[in-house]
Amino acid sequence: KYIHLPAQSGSTRVLELMNRGYTREAYLHRIQRIRDILGDDCGISSDMITGFCSESKEEHEETLSLMDAVEYDFSYMFMYSERPGTTAEKKFSDDIPEAVKKERLSEIIQKQNQLSLLRYQRDIGKTFSVLIEGYSKRSSEFLQGRNSANKVIIFPKNNHSKGTYVDVRVDRCTGATLFGTSIE
């Protein structure tokens, strides 16, 4: 129950310039269908690019409002940078100043951090089946794995081992990780 569905932008005009083939409205409709079919606990991630050629402040704000509407669990976020040989490089001027791109990217990252924390907090108290991937990055006393929404969950090792499934009840979280206790 995890889908990576890149949006790139929340502005239909910018999406058209990017030659994405969908509008903001069509994207939001697709998200609603996913939620209708898989439920609100389906993990959804995205890609966001800020500072694309001619992007206005209002269009940047449309991206932020799209993020609010979808409530992504995670996003890959980037500043636009011109790539040689691409259609964008041939057709458009990279006219957004670097400082503006950095400021907008910072706003997108801050927004995503807020949304991730909100989405992860909703999992506190829930129990998930977790496929154990290995030891936690910080301690060999803890294991980590992912639930069906692709969220990392860290829990005490006990007698569990890599490659097996275990039920874990979530006790707390950060904006990027769930922490819990295995249910024996």
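Tutor: Asp73 is buried, with a relative accessible area of 4%; a residue is called buried under 20% relative accessible area, exposed over 50% and partly exposed in between, using a 1.4 Å probe and protein chains only. The model is a predicted one, in which local features need pLDDT of at least 70 and side-chain atom pairs count only at pLDDT 80 or more, while totals for chains, interfaces and linings use all residues. Residues are numbered from 1 along each chain as its sequence is written, and side-chain values use heavy atoms, with hydrogens and water left out.

Asp73 belongs to the loop that links α3 (57–70) to β3 (74–79). Helices (H or I, at least four residues) and strands (E, at least two) are DSSP runs, numbered from the N terminus. The side chain of Asp73 is joined to that of Lys151 by a polar contact of 3.2 Å. Such a contact is a pair of N or O atoms within 3.5 Å; within protein, one must be able to donate a hydrogen and the other to accept it, and residues adjacent in sequence count only if both atoms are side-chain atoms. Leaving aside residues up to four places away in sequence, Asp73 touches Cys42, Gly43, Ile44, Gln112, Ser116, Arg119, Tyr120 and Lys151, where contact means heavy atoms within 4.5 Å.

The axes of α3 and helix α5 (residues 98–121) come within 10 Å and cross at roughly 15°. These axes are lines fitted to C-alpha atoms, for helices over the stretch in contact, and angles run from 0 to 180 degrees between N-to-C directions. The two helices, α3 and α5, are therefore roughly parallel to each other, given that angles under 35 degrees count as roughly parallel, over 145 as roughly antiparallel, 65 to 115 as roughly perpendicular and the rest as oblique. On the α3 side, the contact is made by Lys57, His60, Thr63, Leu64, Met67 and Asp68, and on the α5 side by Arg104, Glu107, Ile108, Lys111, Gln112 and Leu115. Gln112 is also one of the residues that Asp73 touches.

Helix α2 (residues 24–38) also meets α3, their axes coming within 11 Å and crossing at roughly 15°. That makes α2 roughly parallel to α3. In this pairing, Arg24, Tyr27, Leu28, Ile31 and Arg35 of α2 meet Glu62, Ser65, Leu66, Ala69 and Val70 of α3.

Not counting residues up to four places away in sequence, Met77 touches Met48, Leu105, Ile108, Ile109 and Gln112. By contrast, the C-alpha atoms of Met77 and Ser139, 62 residues apart along the chain, are separated by 29 Å.

Strand β2 (residues 43–50) includes Thr50. Thr50 is buried, with a relative accessible area of 1%, and its side chain makes a polar contact of 3.5 Å with the side chain of Glu55. Among the residues that Thr50 touches are His60, Phe78, Arg104 and Ile108.

Finally, the setting as a whole: the protein has five helices and eight strands, and buried residues make up 42% of its 184 residues.
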